[in-house]
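Okay, thanks for coming, everyone.

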Amino acid sequence: MKCKVCRQPAVIEVRRHNAGFCQGCFLAHCRNQVERAIKDHGMIGPGERVLVAVSGGKDSLALWDLLLQLGYEVDGVYIGLGIQGYSDPSAEFARGFSAEHGAKLLEVDLPDDFGFDVRSGAAADHRVPCSACGLSKRHIFDRAALEGSYDVLATGHNLDDEAAVLLGNVLRWDLAYMARQRPVLPAGDGFPRKVKPLVRLGERETAAYCVLQGIEYQVEECPMATGNRHLGYKDALNAIEERSPGTKAAFYSGFLDRAAALVAEVGEQSREGLHPCPGCGAPTTATELCAFCRLVDRAAEQKRRRLSLNR
Ligand code: Q46
Ligand code: ZN
């Protein structure tokens, strides 16, 4: 197969585009896709400061690299989740990228800074681990962006992630979640602007980008992901994509073009009635503490109970 752009031998085929690319043209293709997503959706303005949520995996490190390549001023923020055998090496990949590129990395550690890890927090708050993890990450990333006065928080959600989340939302007809699924969520009411510049790239492409660009990343999946619903939706979409390449992109872009505006109002309603949490100041609809503060309290309470039982 030849590169669609320069006719040299291709190193990767992207079936969705019915095209092969050589190394140089593939890296340029990734930059173009990110540039186009940023421009089409008005994600980042000239001179704005960006904070990238970094996990140490392929998507967030590819995103960090691509934004730096495109000339943006970008720092990273990494959260240590206290997941045994996974969090420490992930942190090393994030730190390695930061050191190699001379880019600033902020670090927050759930056990050190908040007194719990994903597993113990989830147990204390009667949630599944990914729910406690997602809640913690959203809260901490938002705070880091606001406290650091960044203009925008960028996350590494790629096309496969967004299509899988959309499938889950459609299967449950969860209009409020669908409304929040846009590639840009505007700032306001204690939230930073949040953007997803990788929505035009699949996860095979972000992995290939890292390999071809020489970026070392955490290849292992999070051990807590096993059996989660999101992975099931990804598998289902991959099976469809295998038979009909391009379906995933058509599903997601069709939503943005034809359905997102119809559900947008529901999303605006879900931001109504927000007030600052008395514990941390983050916006919440809860009458007392926000969900994250409750998680922190319950984890602390559980810890106290365990310690008194062991005495
Ligand atoms: S890190 Fe956290 Fe994911 Fe692990 S515990 Fe679940 S949500 S699977 S992106
Ligand atoms: Zn709070």
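**Salt bridges and a zinc site**

Let's start with a pair: K196 and E162 are both buried. Their side chains meet in a salt bridge, 3.0 Å from N to O. This one ties together distant parts of the chain, with K196 in the loop between β8 (193-195) and α9 (203-213) and E162 in helix α7, 34 residues apart. Keep in mind, by the way, that this is a predicted model.

Helix α7 shows up again in the next pair. K234 makes a salt bridge with D161, and the closest N and O atoms there sit 2.9 Å apart. Again we're linking distant parts of the chain: K234 belongs to helix α10 (residues 229-243), D161 to helix α7 (residues 159-171), and 73 residues separate the two. So, buried or exposed, for K234? Well, K234 has a relative accessible area of 12%, so it's buried. D161 comes out at 11%, so that one is buried as well. The cut-off for buried is under 20%.

Now for a pair within one helix. D40 and R36 form a salt bridge at 3.7 Å, N to O. Both lie in helix α1 (residues 23-40), and they're four residues apart, which is about one turn of the helix. What about their accessibility? D40 has 47% relative accessibility, so it counts as partly exposed. R36 is at 44%, so it's partly exposed too. Partly exposed is the band between under 20% for buried and over 50% for exposed.

There's also a network: R49, E73 and D75 are linked to one another through salt bridges. And if you're wondering how many salt bridges a search of the whole structure finds, the count is 18.

Okay, on to the metal. Which residues coordinate the zinc ion, ligand 2? They are C277, C280, C290 and C293, each through its SG atom, at 2.3 Å. In sequence, the spacing of those donor residues reads C-x2-C-x9-C-x2-C. As for burial, C290 and C293 are both buried.

For reference, the ideal angle for four tetrahedral donors is 109.5 degrees.

That's what I have, so over to you for discussion.

Definitions and conventions. Residues are numbered from 1 along each chain as its sequence is written. Chains are lettered from A and ligands numbered from 1 in the order in which they are written. This is a predicted model: local features need pLDDT of at least 70, side-chain atom pairs count only at pLDDT 80 or more; totals for chains, interfaces and linings use all residues. Side-chain values use heavy atoms; hydrogens and water are left out. Donors are N, O and S atoms within 2.8 Å of the metal (3.2 Å for Na, K and Ca); water is not among the atoms, so sites may look incomplete. Buried means under 20% relative accessible area, exposed over 50%, partly exposed in between (1.4 Å probe, protein chains only). A salt bridge is a side-chain nitrogen of Lys or Arg within 4 Å of a carboxyl oxygen of Asp or Glu.
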